[in-house]
Amino acid sequence: MDTLKSINLLTRQAYNLAAQKYHELFHNEMYKKEYDRKLLDSFAARFHKDSLICDAGCGPSAHIGRYLFEKGINIVGVDISEKCIELAQQYNPEMKFECADISNMSFDNNTFDGLISYYSLINTPKIYVQRFFTEFHRVLKPKGYLLVVAKAGTTEGYNDDLLGIKAKNYFTLFSVEEIVDYFKEANFTLEFIEKRNPYDFEISSERIFAIGKKVLK
Ligand SMILES: C[S@@+](CC[C@H](N)C(=O)[O-])C[C@H]1O[C@@H](n2cnc3c(N)ncnc32)[C@H](O)[C@@H]1O
């Protein structure tokens with residue numbers, strides 16, 4: 001297996017190339033996804049207007065963070081692709097962004113009230129995923145909430161294409177059991193986990209939604 005550093009480099013290069021197209025395809029998708037909106041509404045209900053949430057792997061639109069920002073919650077979007085961050089900042093000038101690897105962020109311990117990883121573990125080989133949960137735990141305040149969204153399945157491996165653009169990248173699908181174990185291993189109590197079917201306009205894999213609360217070791 002390649003190192004996480006080399007995988008992250010592929011991810012960064014791929015999303016730098018595909019950022020504009022990703023934005024065009026997905027920036028408005030929340031309006032079509034009632035399940036996701038309700039889930040984000042229930043996640044938002046755990047916070048107040050002074051809360052700070054990290055949208056980890058926010059992509060070029062940062063539309064998940066934006067959905068919460070429009071409810072009055074402070075958001076910091078983080079992404080490894082500088083093109084994603086450039087576009088996210090351009091489309092959301094009132095929000096804050098940082099270009100970084102979400103498995104190794106520069107934020108202090110206990111910085112955030114909440115953290116969202118919306119399809120941002122999708123480019124990480126399973127052998128490295130626990131590191132991301134450990135980092136999410138570190139930057140969250142005690143009793144902070146983690147929302148993870150992933151595509152369901154059993155496969156992982158390299159692709160040569162991202163949204164029709166030639167760009168080598170890694171792609172990982174997860175089982176509910178794996179997601180449960182990542183939360184548990186990183187000291188989160190799982191409050192919610194559910195699978196939904198794909199909408200007919202989505203790629204045809206089921207989606208996993210999970211919310212956990214940080215407990216101390
Ligand atoms: C499938 S997109 C999801 C974007 C957005 N969260 C959404 O739901 O539309 C995955 C995003 O995660 C980012 N990403 C993947 N691995 C990352 C890492 N190690 N550090 C920071 N960002 C990462 C990618 O650059 C990309 O923007």
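This is a predicted model: local features need pLDDT of at least 70, side-chain atom pairs count only at pLDDT 80 or more; totals for chains, interfaces and linings use all residues.
1. Overall sheet. The strands β3-β2-β1-β4-β5-β9-β8, in that order, make up an open sheet of seven strands with mixed pairing. The edge positions are taken by β3 (96–99) and β8 (188–196); each has a single partner strand, so one side of each is left without a neighbour in the sheet. From one strand to the next, the twist averages 15°.

2. Hairpin. Strands β6 (residues 156–162) and β7 (residues 165–172) are paired in the antiparallel sense over six bridges. They form a hairpin with two residues between them, and L163 in the turn has a positive phi of about 55°. L162 has I165 in β7 as its bridge partner.

3. T154 is located in the loop between β5 and β6. Is T154 buried or exposed? The residue is exposed, since 8 other C-beta atoms lie within 10 Å, and a count of 12 or fewer places a residue in that class. Not counting residues up to four places away in sequence, T154 touches L173 and S175.

4. Nonpolar core. The largest nonpolar core comprises 55 residues, and I53, C54, L115, L146, L147, V148 and I179 have the most contacts inside it. Strand β5 (residues 140–151) supplies the largest share of this core, with seven residues. For L146, the contacts beyond four places in sequence are with L115, F136, L140, F188, I211 and G212.

5. F188 belongs to strand β8. The residue counts as buried because it has 23 C-beta neighbours inside 10 Å, where 20 or more are required. Leaving aside neighbours within four places in sequence, F188 is in contact with H137, L146, F183, G212, K213, K214 and V215. F188 and Y145 are 43 residues apart in sequence, yet their C-alpha atoms are 8.6 Å apart in space.

6. Helix on the sheet. Helix α6 (residues 176–185) lies across β5, β8 and β9 (207–214). Relative to β8, this helix runs at about 160°.

7. Helix pair. The axes of α1 and helix α4 (residues 82–91) come within 7 Å, with a crossing angle of roughly 30°. On the α1 side the contact is made by Y15, N16, A19, Q20 and H23, and on the α4 side by E82, K83, C84 and L87. By type, the residues of this contact are four nonpolar, three polar and two charged.

8. Which residues come nearest to the ligand? Of the 20 residues around the ligand, these are Y15, G57, G59, I80 and S120. Helix α1 (residues 4–26) gives the most to this shell, contributing four residues. The shell consists of 10 nonpolar, eight polar and two charged residues.

Conventions
Residues are numbered from 1 along each chain as its sequence is written. Two strands pair if DSSP finds at least two bridges between them. A residue is near a molecule or strand if its C-beta atom, placed from the backbone, lies within 6 Å of it. Ala, Val, Leu, Ile, Met, Phe, Trp, Tyr, Cys and Pro count as nonpolar, Asp, Glu, Lys and Arg as charged, and the others, Gly among them, as polar. A nonpolar core is a set of buried Ala, Val, Leu, Ile, Met, Phe, Trp, Tyr and Cys residues joined through C-beta atoms within 7 Å. Two residues are in contact if their C-beta atoms, placed from the backbone, lie within 7 Å. Axes are lines fitted to C-alpha atoms, for helices over the stretch in contact, and angles run from 0 to 180 degrees between N-to-C directions.
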